[in-house]
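Have the model open and follow along.

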Amino acid sequence: MNERGTRRRRANGEESRRKILDATVEVAGERGYEGTSIALVSKKCGLPASSIYWHFKDKDDLIAAVIERSFDSWLAALSLPEEDGTPLARMTGLAQQVAKALLDAPDFLRLGLMLTLERRPEEPSARTMFLQVRGVAHERVAAMVAEFMPELDSASVELLTTYAMAGADGLFVAKEIGGDSVDLMRLFELHAQAVFDLAARLR
């Protein structure tokens, strides 16, 4: 009986945490970091502020958790498709995976870019979290570039990785601005071609 009760409480706690994070995504997407508050998140998710503070120590901790959750989904897309097909086809497949992940879970990049562009005297832990996980993504992309193009030296791998990620950022921003009028999947396919062509020039 006690074990069933413990499992029920744990499930309820996980459901509450999910509701809080989902509400935070909506509020932060509408109001940005500065405009987000525990009170607004509480109103959006229908849970008392005490429940939010039970899971998260403050707003900054809450937004850091949103970034981390979304990043886990996004990072799973950063893996090369199976080795069948040409290098360009595999790179295009990777770009499509990343575009789909950004469409399905945009919170990581949306909130992260907001935090990165906003300068404060005291750096929020959510911004630190974004920069850390983005560093992980950078390392993974660099490893894939090196695998694709083993003849490139380390400086060229770093240059191409930075270019690829910066281009992805720009395409994401274009989608945020243009909404449904912007075909993110198609743009990422073109981006894959551009990165592939640039790699050939760097050889």
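Predicted model: local features only at pLDDT ≥ 70, side-chain atom pairs only at ≥ 80, totals over all residues.

Residues are numbered from 1 along each chain as its sequence is written, and side-chain values use heavy atoms, with hydrogens and water left out.

Start with helix 5 (residues 87-104) and helix 7 (residues 125-148), whose axes come within 12 Å and cross at roughly 165°. That angle makes helix 5 roughly antiparallel to helix 7 (the label for angles over 145 degrees). Their crossing is right-handed. Now look at who touches whom: Pro 87, Arg 90, Met 91 and Leu 94 of helix 5 meet Met 144, Glu 147 and Phe 148 of helix 7 (contact means heavy atoms within 4.5 Å). By class, that contact has five nonpolar residues, two charged ones and no polar ones.

Next, stay on helix 7 and turn to helix 8 (residues 154-178). These two pack at an angle of about 125°, with their axes 9 Å apart. Helix 7 is therefore oblique to helix 8, and this crossing is right-handed. On the helix 7 side, the contact residues are Arg 134, Ala 137, His 138, Val 141, Ala 142, Val 145 and Ala 146. Facing them from helix 8 are Val 157, Glu 158, Leu 160, Thr 161, Thr 162, Met 165 and Asp 169. Sorted by class, the contact has eight nonpolar, three polar and three charged residues.

Technical notes
Axes fitted to C-alpha atoms, helices over the stretch in contact; angles between N-to-C directions. Helix = DSSP H or I, 4+ residues; strand = E, 2+ residues; numbered from the N terminus. Parallel < 35°, antiparallel > 145°, perpendicular 65-115°, else oblique. Left-handed = near helix turned anticlockwise from the far one by under 90°. Nonpolar A, V, L, I, M, F, W, Y, C, P; charged D, E, K, R; others polar.
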